[in-house]
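This report describes a sheet, a set of salt bridges and a surface patch. Please look at the sequence and the model before reading on.

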Amino acid sequence: MTEIPATVLITGASSGIGEEFARRFAAMHADLILVARRAEKLEALATELSSGHGVTATPVTADLTEPGAASRLHEEIRSRGLRVDALVNNAGFGRQIRFSEQDPDDAARMAQLNVAALTELTREFLPEFAQTKGGFLINLASVAAYEPIPYMAVYGATKAYVLSFTEALWAEHRKDPVKILAVSPGPTETEFFDVAGHAADAGLPRSTAASVVDSAIRTLGRRNPPPSVVSGAGNKAAAFVPRLFSRRFVAWGMAEGLERQRGAGR
């Protein structure tokens, strides 16, 4: 990246990909606003990055699964006199379960966090830095965005939304200085699987959070960045293969494979 924004807001910053983004941008001497639910981990990370890199890392505890949380977060940041020059919408979660057996409140929280909060935060902050040289928006999608995902139906649908939404924003702002990018990781070694279930990687190899962040930063550093990138060669192939078949066939094949995997694990 040739231009480093003054202050980057990162959601889901207390672990995994969000924490890696925080570490990377702190090392690039950007100030940070770190958002997550777990206050203790967030404050420890903010203290570490502030002292280690001489930046200002501000922890803000928020539960973005709650309706209206994005607007409240925006107001709190404004009340502290902080300016946001770039946004990483990383917070999200998934669950591997048959949709008819999924708790309705759990599905609603997933949609609220993965879709509604991401959309609302983008709407709140993008106008503030859309004309800023060095400003950027990174939304975390997933390879799950490229095909129907039986037994993770809500999660896959939310990530398809993130991908489509972000690519549309890229087109709307293509003449502005801001860079807009959807990043689609495959299975990654994070706490995601502690919530989703450890079989949710469908047996695919897991990447590191560092490799996902590398891909995002490398892509943003290009002269003319694309609207989206899939992180990792294997994941690129996994995202491309569904284009060769009907969606009906892809959904059927995914369901068959997952059911065999789940059966073998019993």
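## Salt bridges

Glu-256 and Arg-260 both belong to helix H9 (residues 247-264), where they stand 4 residues apart, about one turn of the helix. Helices (H or I, at least four residues) and strands (E, at least two) are DSSP runs, numbered from the N terminus. The model is predicted: local features need pLDDT of at least 70, side-chain atom pairs count only at pLDDT 80 or more, and totals for chains, interfaces and linings use all residues. Residues are numbered from 1 along each chain as its sequence is written, and side-chain values use heavy atoms, with hydrogens and water left out.

Glu-256 and Arg-260 are joined by a salt bridge, that is, a side-chain nitrogen of Lys or Arg within 4 Å of a carboxyl oxygen of Asp or Glu. Arg-260 is exposed, with a relative accessible area of 57%, while Glu-256 is partly exposed at 29%. Here buried means under 20% relative accessible area, exposed over 50% and partly exposed in between (1.4 Å probe, protein chains only). Salt bridges that share partners also link Glu-19, Arg-23 and Glu-48 into one network.

The whole structure contains 10 salt bridges.

In the pair of Glu-76 and Arg-80, Glu-76 is partly exposed with a relative accessible area of 29%, and Arg-80 is partly exposed at 40%. Arg-109 and Asp-106 lie 3 residues apart in helix H4 (residues 104-129), so about one helical turn separates them. Asp-106 is buried at 6% relative accessibility, whereas Arg-109 is partly exposed at 36%.

## The sheet

An open sheet of 7 strands runs in the order E3-E2-E1-E4-E5-E6-E7, with parallel pairing. Strand E3 (57-61) and E7 are the edge strands, each pairing on one side only. From one strand to the next the twist averages 15°; axes are lines fitted to C-alpha atoms, for helices over the stretch in contact, and angles run from 0 to 180 degrees between N-to-C directions. Two strands pair if DSSP finds at least two bridges between them.

Strand E1 (residues 7-11) runs parallel to strand E4 (residues 86-89), and 3 bridges join them. Leu-9 has Leu-87 as its bridge partner in E4.

Which strand is largely enclosed by the rest of the structure? Strand E6 (residues 179-184) is, because 5 of its 6 residues are buried. Between strand E5 (residues 136-140) and E6, which run parallel, there are 5 bridges. Leu-140 is paired with Val-183 of E6. Val-183 in turn has Val-229 as its bridge partner in E7, and 3 bridges join E6 to strand E7 (residues 228-230) in parallel.

## Surface patch

Phe-240, Val-241, Leu-244, Phe-245, Phe-249 and Trp-252 form a nonpolar surface patch with about 630 Å² of accessible area together. Patches are made of residues with over 30% relative accessible area and no salt bridge; like charges are joined within 9 Å, nonpolar side chains (Val, Leu, Ile, Met, Phe, Trp, Tyr) within 5 Å. Accessible areas come from the Shrake-Rupley method with a 1.4 Å probe, and for residues only the protein chains shown count as cover. Val-241 is in the loop between helix H8 (233-240) and H9 and is partly exposed, at 39% relative accessibility.
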